[in-house]
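Subject: Structure for your files

Hello,

Here is the structure I said I would pass on. My notes on it follow below.

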Amino acid sequence: EALKAAEENDKDPADAPPNHYTLRPGHVGKLVFISGAPGFGKSTTARRMMEKEGFVYYEGDCFITQRNPYLPLAENSAIDALFTARSLKGVPKERREGINNAMKEWMKFMKGEEDYNLEDFYS
């Protein structure tokens, strides 16, 4: 019981994950969406944009793995930062179910199964 409580206390809150950014209410920012094949440097590019130009780096893979998506400045690589991101606590049931359903549909797609259904993915 104590171990479970300690593990839960070592997680960041899902509704407001801590980060190192300065809040700027009323400031309209811009969104840059970087896509590409695995290993092409998407995370590294985003991290360099954060370090050099002050962009907010929100790691999308952390959404799926339920970890804090605001990776801190560090001397490690972008992928190492992803693996050291803190888990989130209090992730809503709807979000967990949505991620699970999306992953099931993704696996169908990757396997080339005939019954791949976008309606299930977007519902």
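**Helix 2**

Helix 2 has twelve residues and spans 16 Å from its first C-alpha to its last, close to the 16 Å expected at 1.5 Å a residue. Please keep in mind that this is a predicted model.

The buried residues of helix 2 are Ala 46, Arg 47 and Met 50. Viewed down the helix axis, they fall within an arc of 100 degrees, so they line one face of helix 2. Helix 4 is included in what covers the buried residues of helix 2. On the face turned away from the buried side, helix 2 carries the exposed residues Lys 52 and Glu 53. Just after helix 2 comes Gly 54, with a positive phi of about 80 degrees.

**Aromatic pairs**

Searching the whole structure gives three aromatic pairs. Tyr 21 lies in the loop between strand 1 (12-13) and helix 2 (42-53), and Tyr 70 in the loop between helix 3 (60-65) and helix 4 (78-84), so the pair ties together parts that are 49 residues apart in sequence.

Tyr 21 counts as buried, at 17% relative accessibility, while Tyr 70, at 23%, counts as partly exposed. Together with Tyr 58, Tyr 21 and Tyr 70 form one aromatic cluster.

Regards

Notes
Residues numbered from 1 in each chain as written. Predicted model: local features only at pLDDT ≥ 70, side-chain atom pairs only at ≥ 80, totals over all residues. Heavy atoms only, no water. Phe/Tyr/Trp six-rings, centres within 6.5 Å; stacked < 30°, edge-to-face > 60°. Helix = DSSP H or I, 4+ residues; strand = E, 2+ residues; numbered from the N terminus. Buried < 20%, exposed > 50% of the residue type's maximum accessible area, 1.4 Å probe, protein only. Expected span 1.5 Å × (residues − 1). Arc of directions from axis to C-beta. Contact = heavy atoms within 4.5 Å.
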